[in-house]
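Dear colleague,

The structure you asked about follows below. My notes come after it.

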Amino acid sequence: AAPAWAESVPQMSMNVPGATDAAGRLVLTFINKDPPGQRCNNNLQVAAEIANAYRLPIQLLPTSLVPHLPAPSVFFGNRMIAADGKDHNGQSSFQLVADVLELEGVPKQAKPGLLFNEKVRKEYEDLRGVIRTGGK
């Protein structure tokens with residue numbers, strides 16, 4: 001059966017290596033360019049935020065290992081959330097991914113990770129700002 005979120009959001013399915021783990025759970029996959037550019041770095045930051053809030057397997061793959069997939073892109077299982085030249089032009093956000101995970105009933109961390117600590121969060125947001133502007 002299709003995931004619940006697939007009914008409300010038009011999604012494309014692609015063959016993503018490691019889309020499920022050994023326990024049968026869907027894996028959140030981030031595909032990045034080699035080396036990561038601005039959108040890819042944003043997506044890596046989203047992966048860190050998601051890992052601090054949700055309990056699920058996450059994999060980060062360089063496009064050189066999966067040349068048949070667009071980069072940057074984000075998949076939950078085999079279903080595309082964002083992809084270069086397609087949905088959101090490959091750039092994800094915490095809220096975009098969290099909405100999918102919430103609809104799928106992915107469990108949250110018992111206690112939020114360090115990225116949600118007030119002092120750490122400010123410094124993290126400052127870093128994100130520098131990356132967004134390319135260090136300018």
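In the charge count used here, Lys and Arg are taken as positive and Asp and Glu as negative, while His and the chain ends are left out. On that basis the protein carries 14 positive and 13 negative side chains. The centres of these two sets are 4 Å apart. Please keep in mind that this is a predicted model.

Overall fold

There are 4 helices and 4 strands in the protein. Read from the N terminus, their order is α-β-α-β-β-β-α-α. The C-alpha trace spans about 45 × 35 × 30 Å along the principal axes. The radius of gyration is 15 Å, which agrees with the value near 14 Å that a compact globule of 136 residues would have.

Of the 136 residues, 39% count as buried. The exposed surface comes to about 7,400 Å², and carbon and sulfur atoms supply 55% of that area. Taking the contacts between residues at least 6 apart in sequence, 72% join residues at least 24 apart.

Backbone points to check

Most peptide bonds are trans, and most residues other than glycine have a negative phi. The following places depart from that pattern.

Two cis peptide bonds deserve a look. D34 and P35 are joined by a cis bond with omega about -10°. P35 sits in the loop that runs between β1 (28-32) and α2 (38-53). The bond from A71 to P72 is also cis, and its omega is near 0°. P72 belongs to the loop between β2 (58-62) and β3 (73-76).

Positive phi values occur at H88 and N89, neither of which is a glycine. For H88 phi is near 60°, and for N89 phi is about 50°. H88 is located in the loop between β4 (79-83) and α3 (94-104), and N89 is found in the loop between β4 and α3 as well.

H88 has 49% relative accessibility, so H88 counts as partly exposed. N89 has 38% and therefore also counts as partly exposed.

Regards

Key: Residues are numbered from 1 along each chain as its sequence is written. This is a predicted model: local features need pLDDT of at least 70, side-chain atom pairs count only at pLDDT 80 or more; totals for chains, interfaces and linings use all residues. Side-chain values use heavy atoms; hydrogens and water are left out. Helices (H or I, at least four residues) and strands (E, at least two) are DSSP runs, numbered from the N terminus. The radius of gyration is taken over C-alpha atoms; the globule rule is 2.2 Å times the number of residues to the power 0.38. Buried means under 20% relative accessible area, exposed over 50%, partly exposed in between (1.4 Å probe, protein chains only). Contact means heavy atoms within 4.5 Å. Accessible areas come from the Shrake-Rupley method with a 1.4 Å probe; for residues, only the protein chains shown count as cover. The place of a charge is taken as NZ of Lys, CZ of Arg, CG of Asp or CD of Glu.
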